[in-house]
Amino acid sequence: MVQITSPQFKENAARAIGDARLQKALGKAEGAFLQRRGDAVARLPEFEQLRDIGRDIKNHTLANLDFYLETYAANVEAAGGTVHWCSTAEEARAAVLEICRKAGAKTVTKGKSMISEELEINDHLEAHGIEPVETDLGEYIIQLRREHPSHIIAPAFHLNREDWEQSFREMHTDLPKDRVFSERRDILTEARTKLRDRFLAADVGITGANFLIAESGSSVIVTNEGNGDLTQTLPRVHIALASIEKLVPTLNDACALLRLLARSATGQDFSVYTTFSTGGRRPGDLDGPEEYHVVLIDNGRSNMFGTEFQEMLRCIRCAACMNHCPVYGITGGHAYGWVYPGPMGSVLTPTLIGVDKAGHLPNASTFCGRCESVCPVKIPLPKMMRHWREREFERHLSPAAVRRNLGLWAWVAQRPGLYRMATKLAVGTLGLLAQGKGAFRSLPLAGGWTQGRDLPVPEGGTFMDRYAKTKRGG
Amino acid sequence: MSKEAILNAIRRGLKRGPLPADQRAMLEARMLARPRHLIPARSRVPRPDQIKLFIVNVEKEFGSVTRVADVKEIPGAVAEYLSQQNLAPRFVMAPHPELQALPWSDRAMLEFETRRAEASDTVSVQHGYAGIAETGTLMLPSDPARPTTLNLLAETEIVVLRASRITGPYEDAWDMLRAERQDAVTGGFMPRNVMLVTGPSRSGDIEQTLELGASGPRRLHVIVVDDDPAALPV
């Protein structure tokens, strides 16, 4: 069961900041993603234009999503597949279980899928005597450790190499105890061997979908390991889990979005395996699943239409926003307390589990705007986080201290003379206290704030002072 | 039931009912016309440069390439590659007529079976349907003559690809498939599965550091056959 701990975001974040192992893992990983994305974007001069195109394709699809969903489903069925329409997570779990039962499944292999986390498919299958086996390397170790992914494309973002070795030694007890992991590659090879047997034994393979294509009734997965392909090729039954906003009209539309996806995600020009599945085995085929099912899931998304959060449905789950987020960079993904972390999670989570539970998340932002500036489909994430803050405030969900201070600030801000005096006083006092230093490591009355970060010393007077000077300067 | 609930909730949000016939017709026309979007300039180059770009990109993604002048040289290129890699001269091969027609008897030490791949296979030889220069990507549509397991189960995959089948962007490769294939089940062009493969399998899951050979092939070798006079190096 995914325990929702979003309401404890502040405690989670404080714990994460004090966790030396986590900080080590975050420090290693974050820079790599930034560098690689930057390089990939620099290699494609048309990247910025493609972002506009990506946004427009998704907007067009969403504006006509009822039409494209029906067309897509008709084409899946024409290819011999079955579409299971599910309004809720519960319906989707039931649909998956029924397919697995009909197939007489004992074990199910799984490709990486965030919607499967949202649906808690693994727990549901286990509770009914079916063993789910995660086959993405990151998901595999997370499952061994009974944890949850901390990142939407790199589930084991929070782990160090030592953690991998330790878990493998604890769980793979049939292997020699004194074996040596001298390189990362040794860890990979051990997992490869272990997973091979699971791939071959599985009765059903479950994958997610990065895109669904209306014109051909295809589902698309994008992976680097090939685990998703083994998952959907070897068992007799393939189930693709997909939420309704994964639709695009045509293959040409998918091509445009695929040019954005890998570059924004891992900084590759293209992922190793981009695979289009359309129905089951054809006459004469020597391999591939005999049955092909798509479990098409709403789970709260249709409620986002017509609201200020509709644009969030453009998201292609690349994770660029969290890779570039200073908050995610210091708290990691688990602090966010549910399936989707980082800026996209801060917008999506309140829509899916309620702002009463997830109200802290849209507040966990410095509003630096980097998430929006790297989003491949230009989702205005900071603006949407502001909308959530407004809704939270309107519904009186903000803590009393926040409301009181906001009230006080508003009272002062409506009195320009007083406001200028107060800011002048604050800037002057901080300047004196700083004694020539550039930043405060700690401040009286603000110990909580400075525990995890430094406060830069204000330079050059208040805004109004500087504005007046510039004006005089002409 | 849920289908109607989902569609109605979307329509309610969009503040409209089901689309009127003329708008549906417009959307159907867009799907048929399938407008192409911006295609990056990098692959819009003369034929010889497209082949070169394809090869450079395969190698950038940790694949390897041998270029041969004639199909007759393929068995030799396979034998040579296997020996360079210290691999036994044994493989599973796609039951594709173009591959079966090759003069394999010239290289008598090569042993192979034509079938789908099994877990015990260490090397596979696959028929490449198309190559995409833009990112060094192979297009491998499933077919009785091109089983999907050949792309996945062996540690080493060798793909034979004619230079005439190398396109610039992805869109051109899809158009080739549209024009050439008719599906027995749908009457459309899509087979059960189309894999776009760019380099050998890898994972970045351990400390975001790239390691080759996750669940799929550890090595990907492409043998490009120069069957296209317009694409020969100048």
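A: Two residues are in contact if their C-beta atoms, placed from the backbone, lie within 7 Å. With that in hand, let's start at B:S201. Leaving aside neighbours within four places in sequence, B:S201 is in contact with A:E225, A:G226 and A:V272 from chain A, and with B:G213, B:A214, B:S215, B:G216, B:P217 and B:R218 from chain B.

Two notes before we go on. This is a predicted model, in which local features need pLDDT of at least 70 and side-chain atom pairs count only at pLDDT 80 or more, while totals for chains, interfaces and linings use all residues. Residues are numbered from 1 along each chain as its sequence is written, and chains are lettered from A and ligands numbered from 1 in the order in which they are written.

Is B:S201 buried or exposed? There are 31 other C-beta atoms within 10 Å of B:S201, so this residue is buried. The cut-offs are 20 or more such atoms for buried, 12 or fewer for exposed, and anything in between for partly exposed. One of the contacts of B:S201 is B:P217. These two residues are 16 apart along the chain, and their C-alpha atoms are separated by 5.5 Å.

Now follow the chain back into β9(B), where the two chains meet strand to strand. Strand β9 of chain A (residues 273-277) pairs with β9(B) in the antiparallel sense, over five bridges; pairing asks that DSSP find at least two bridges between the strands. Opposite A:S277 in this arrangement stands B:N193 of β9(B).

Which strand of chain B itself is joined to β9(B)? That is β6(B), which runs antiparallel to β9(B) and is joined to it by four bridges. Among the partners here, B:P141 is bridged to B:V194 in β9(B). Strand β6 of chain B covers residues 137-141, and five of the five are buried, so the rest of the structure largely encloses this strand. B:T137, B:M139 and B:P141 point one way from β6(B), B:L138 and B:L140 point the other way, and all are buried.

Another strand of chain B also pairs with β6(B): β5(B), residues 130-132, antiparallel over three bridges. There, B:A130 has B:M139 as its bridge partner in β6(B). β5(B) and β6(B) make a hairpin with four residues between them, and B:G136 in the turn has a positive phi of about 65 degrees.

Stepping back, how many residues does each chain bring to the contact? Chain A brings 82 residues and chain B brings 66. On chain B's side, the elements giving two or more residues are α1 (2-13), α2 (21-33), α6 (170-180), β9 (193-197) and β10 (202-203). The largest share of that side comes from α1(B), with nine residues.

Most residues other than glycine have a negative phi. B:K15, in the loop between α1 and α2 of chain B, has a positive phi of about 55 degrees although it is not a glycine. With 8 other C-beta atoms within 10 Å, B:K15 is exposed. Chain A has a residue of this kind too: A:N299, with a positive phi near 45 degrees, in the loop between β10 (291-297) and α13 (320-323) of chain A. A:N299 has 19 C-beta neighbours inside 10 Å and so counts as partly exposed.

Finally, a look at the inside of chain A. Buried residues make up 50% of the 474 residues in chain A. The largest nonpolar core has 178 residues, and A:L257, A:V295 and A:C321 have the most contacts inside it. The helix that gives the most to this core is α12 of chain A (residues 251-265), with 10 residues. Such a core is a set of buried Ala, Val, Leu, Ile, Met, Phe, Trp, Tyr and Cys residues joined through C-beta atoms within 7 Å. Leaving aside neighbours within four places in sequence, the contacts of A:V295 include A:H84, A:C86, A:I239 and A:L241.
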